[in-house]
Amino acid sequence: MVALESAVASSVGAPLLEVTGLVVRFGPLAVLNGADLALQGGEILGLVGENGAGKSTLVRCIAGDLQPAAGAVRVDGAEVTGDPAAAARAGVTVVWQDLALCENLDVTSNLLLGREDGFFASSDSRRHRRARAMLEALNVALDPTTPVRALSGGQRQLLAIARAVRDRPRLLVLDEPTAALGLGESAEVERLVRALAAEGTAVLMISHDLGQMFRIPHRLVIMRGGRRVAEVNPERVYPDDVIALMGGRAVSGTARHQLSRLQHLVDELTTADRSSSLTLICSALGAALGDERLAIHRLDGATLTCAASLGLATPVLEAFAELDLGPAGGPAGLAAARGEPVIDEDVRSSLSWARFGWLAKTAGVESSWAVPIMGPDGPSGAITVLRATAGRPGRDELDLVTLYAGYAASALERDRLFGEVTSRNRVLETIREVLETLAGPILVAEGLAIALRALREGLGADEVVLATGLREGGVLVRSATSAPGAGPDELLPAASPRAVALASGMLETAESDGAVNVRFEHPGDGDARVLLSTRFSAPAGPGALVARLSGEEVPETATALLGDAAHCLRLALEREEIGIVQQEAEALRRSRQLQRDFLSRLSHELRTPLTAIQGYAETLLQPDITWDGESIARFLSRMASESARLGRLVEDLLDFSALESGVLRLQRDWCDLCLILDAARACLAPEAAAHVAIAAEGDVPAILADHDRLEQVFVNLMDNAIRHNPPGTTVRVSVSSTPEEVTVSVADNGTGLPDAVARAPFEPGRRHRSPSAGTGLGLSIARAIVDAHEGRIVPVSSRAGTCVHITLPVEAAAAHAEDGGDG
């Protein structure tokens, strides 16, 4: 067996897993030829090898699924060779590459698969709670109710591992745990594996992902030809060394190492997250140079910021966090300023280290060299190498760092371009969101708050305010939003005084529309601010859009974004103004139509009783006819009935007029609601009152109300229930109460409200069935009286009849009494 480096030292005591001399043949083919390995509890062992090396066969033997021709497998000293039940009892669990999940079941059913005995008769909610507790214990973020077919590849892998470790196995075997997974999903699986190992579980991993095998396992066992050929420490070898051992090739020299490393770096840079590019370059360069200390600085204006480092002690990291451009920035600052390498053979006599002499002595730095990172427009940073011995670097080392500086330059340029594209996309996305919001189905007033919030996020602003001028002067803040902790509550249409003052100034000036003004402020609190403002014309007057940002720099896209947003808001305000005009015109048209219809019906309603009264009077006054007493009494009774009807019509008109003009006054006093209902029923004709039943639930509290007005409401509701339904209809009046309110329900078993009335029950003149139907103002008057009592009236219609619920407050009435009541 070849060993490039000594592996991690074995733990004290016997290994948890011990495989010795395994031989497996399939016919004449020897798949395993004396394979052996050992694994301690809490250790992660990586098993690597090319296809056909015997990895999967070895796993099958460990799981007891395959009987070897020779050799033994022991778990904690107990032999489990060829016995899967014994392996399971010993705590061996395998997660195969195909995962073996049931697609038609949810996460809970898969997690508890094989353990249904304890949960067979349990409810779904209990099973889901149990599954959620198991997942939370493993810190696995999965919804137990989600179907497996809806999970991503990484979530499936996490579920399979969670199921495998639910019984806390002593040995977990993972066969290609992150095959075909993305970086984020692989990271979640790797996190779970590390957590299990930290709890004492031994983990055996098989993977073709060498990057992963260098991140997780404590040891790597390389297999070739059915046996172990090497055991290495992943922290002390390189991936190309492992690849060479897997293929049976001799480990190549430094040149091949460097080329392999560069190729691997290129592959990683292609697939890795851009934020980790400089870290990967720093790590690869450190490996190429040997045990070195180095740092990569990125040029931001006139400051060099440390973007990645390797092997630097804390004092060096703190000193190198930010450096000035030029000699004051040490070797990195000088190299970035000159655009050429700076070599210090002895830092004690170097001018570039004059400022950091104490640091060199503390960190043991004897020599250094810095190479500039050259971008398209000049230096964009520097790479600095620190050494503990004095002397110049070799020509090949200098060339090597220069080569890696090229990769760093590409990474920095990619970051710059990505930042520009991201900034432009943010502008476009913000404008799109603003346009979609303002052009959507919601009201413009509601859309303004959402649009301003999107604009604030797009600008990265602390506050955004939209204000318009009033026709009579002054400023109207239409909407405002601020970041949490940066000003007024973002859910309230409030604005800071400074933003309102700036908006007022914009509205009062003759500033041209569309121009964006930029102002810098340094208030006494020491926080620098940037104020952006622009003016635009709207139908109701000029408008102003103001944004407040922290800092002293204005983002390149901020002014364009604010100007475009102002144009969108202007269009929205125009649409709002047009909508208001259309609504007013429609309301006026409808009001006139209602007036015409109402006056037409009213003239008919007034003419009917007057005609009847006039007819009976003329009949009685005929000089040539003598009427008997019974006929005279009948005529007079009809005249009295029609006069009463005419009086009710006039009273309804007067009540409705008073309600419409707001001059209705209530005469409040403490009232017994049940007595009011009895009085209302007594006002009905005897034959109608017989069909009305009143019932109260418990003690009904007294309320402060106008007795006569409430009686008028209930008389109207009872009379409607009798008069507008077939003969024999019954009316049930029920009263219920809480400490806060009293509810009266007037329900009948009639035919329900007509469609025209149900659509707008409180609109005057909706119901008109017969000459005795009245003005159609009853429900309108009833609602106005209930509203005056701070209550609610809600009609509910169905095929089984109509029910009108009236709710009157108790506490509100008492409070009103304390205030002195109505005038």
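Visitor: Where is V95 found?
Guide: Quick background: this is a predicted model, where local features need pLDDT of at least 70, side-chain atom pairs count only at pLDDT 80 or more, and totals for chains, interfaces and linings use all residues. Residues are numbered from 1 along each chain as its sequence is written, and side-chain values use heavy atoms, leaving out hydrogens and water. Helices (H or I, at least four residues) and strands (E, at least two) are DSSP runs, numbered from the N terminus. On that numbering, V95 sits in strand β6.

Visitor: Is V95 buried or exposed?
Guide: Buried means under 20% relative accessible area, exposed over 50%, and partly exposed in between (1.4 Å probe, protein chains only). V95 has 3% relative accessibility, so the label is buried.

Visitor: Which residues does V95 touch, leaving aside those up to four places away in sequence?
Guide: Contact means heavy atoms within 4.5 Å. By that rule, V95 touches Q157, A160, I161, A164, L172, V173, L174 and D175.

Visitor: What is the strand order in the open sheet of 6 strands?
Guide: Two strands pair if DSSP finds at least two bridges between them. The pairing here is mixed, and the edge strands, each pairing on one side only, are β6 (92-95) and β10 (227-232). The order reads β6-β7-β8-β3-β9-β10.

Visitor: How many bridges join β9 to β10?
Guide: Strand β9 covers residues 219-224 and runs antiparallel to β10. The number of bridges joining the two strands is 5.
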